[in-house]
Amino acid sequence: MGRGKFKGKPTGHRHFSTPEELLAGTSNRRPRTFKQEEEEESEEELEEGSEKRKGTQGIIEIENPNLVKPKNLKAKDVDIGKTTELSRREREEIEKQKAHERYMRLQEQGKTEQARKDLERLAMIRQQRAEAAKKREEEKAAKEQKKAEARK
């Protein structure tokens with residue numbers, strides 16, 4: 001029977017195994033793509049088994065001083081007592097943090113120039129506030145005294 005203007009895609013043909021085929025294990029029909037993947041996997045396994053080297057690599061052993069080999073250390077081989085040397089940046093960062101901590105400690109004790117200026121400024125502000133509060137109390141007392149005289 002004709003399909004008309006549009007034809008179906010080749011992936012549209014599906015084959016389902018019957019339960020009898022499944023039990024017998026005879027349903028070996030798979031899509032073409034699966035067969036291609038299986039062939040590629042088997043080729044990869046063959047390549048991994050026999051490691052081929054290009055050119056003279058298999059004949060001549062060359063030590064390349066620039067080649068970085070991965071250093072795999074086992075836990076038992078690690079030297080705990082050995083201290084690693086810090087890079088310049090790490091060392092400078094640590095020195096900077098220590099200097100900042102030292103400065104903050106001196107700041108709290110009031111031994112730095114900035115701390116002295118801050119303390120002087122605070123003392124002046126406290127004195128001005130105390131004077132302002134005293135003045136307000138005097139004005140309040142004077143106001144209450146006037147009210148008391150006005151009532152009499």
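In which helix do arginine 121 and aspartate 118 both lie, and how many residues apart are they? Both lie in helix H4, three residues apart, about one turn of the helix.

## Basis of the report

This is a predicted model, in which local features need pLDDT of at least 70, side-chain atom pairs count only at pLDDT 80 or more, and totals for chains, interfaces and linings use all residues. Residues are numbered from 1 along each chain as its sequence is written, and side-chain values use heavy atoms, with hydrogens and water left out.

Helices (H or I, at least four residues) and strands (E, at least two) are DSSP runs, numbered from the N terminus.

The 22 residues of H3 should span 32 Å at 1.5 Å a residue, and the end C-alpha atoms are 32 Å apart, which agrees. The expected span is 1.5 Å times one less than the number of residues in the helix. Glycine 110 follows H3 and has a positive phi, near 80°.

Threonine 112 belongs to the loop between helix H3 (88-109) and helix H4 (113-151). Threonine 112 counts as buried because its relative accessibility is 9%; buried means under 20% relative accessible area, exposed over 50%, and partly exposed in between (1.4 Å probe, protein chains only). Apart from neighbours within four places in sequence, threonine 112 is in contact with Tyr103, Leu106 and Gln107, where contact means heavy atoms within 4.5 Å.

Side chains of opposite charge can pair when their charged atoms come close. The structure holds three salt bridges, each defined as a side-chain nitrogen of Lys or Arg within 4 Å of a carboxyl oxygen of Asp or Glu.

One of these joins glutamate 92 to arginine 88, with the closest N and O atoms 3.3 Å apart. Both residues lie in helix H3, four residues apart, about one turn of the helix. Glutamate 92 is partly exposed at 41% relative accessibility, and arginine 88 is partly exposed at 49%.

Arginine 116 pairs with glutamate 113 in a salt bridge whose closest N and O atoms are 3.0 Å apart. These two residues of helix H4 are three residues apart, about one turn of the helix. Arginine 116 is partly exposed, with a relative accessible area of 41%, whereas glutamate 113 counts as exposed at 52%.

The pair named at the outset, arginine 121 and aspartate 118, also forms a salt bridge (3.1 Å, N to O). Arginine 121 is partly exposed at 48% relative accessible area, and aspartate 118 counts as partly exposed at 25%.
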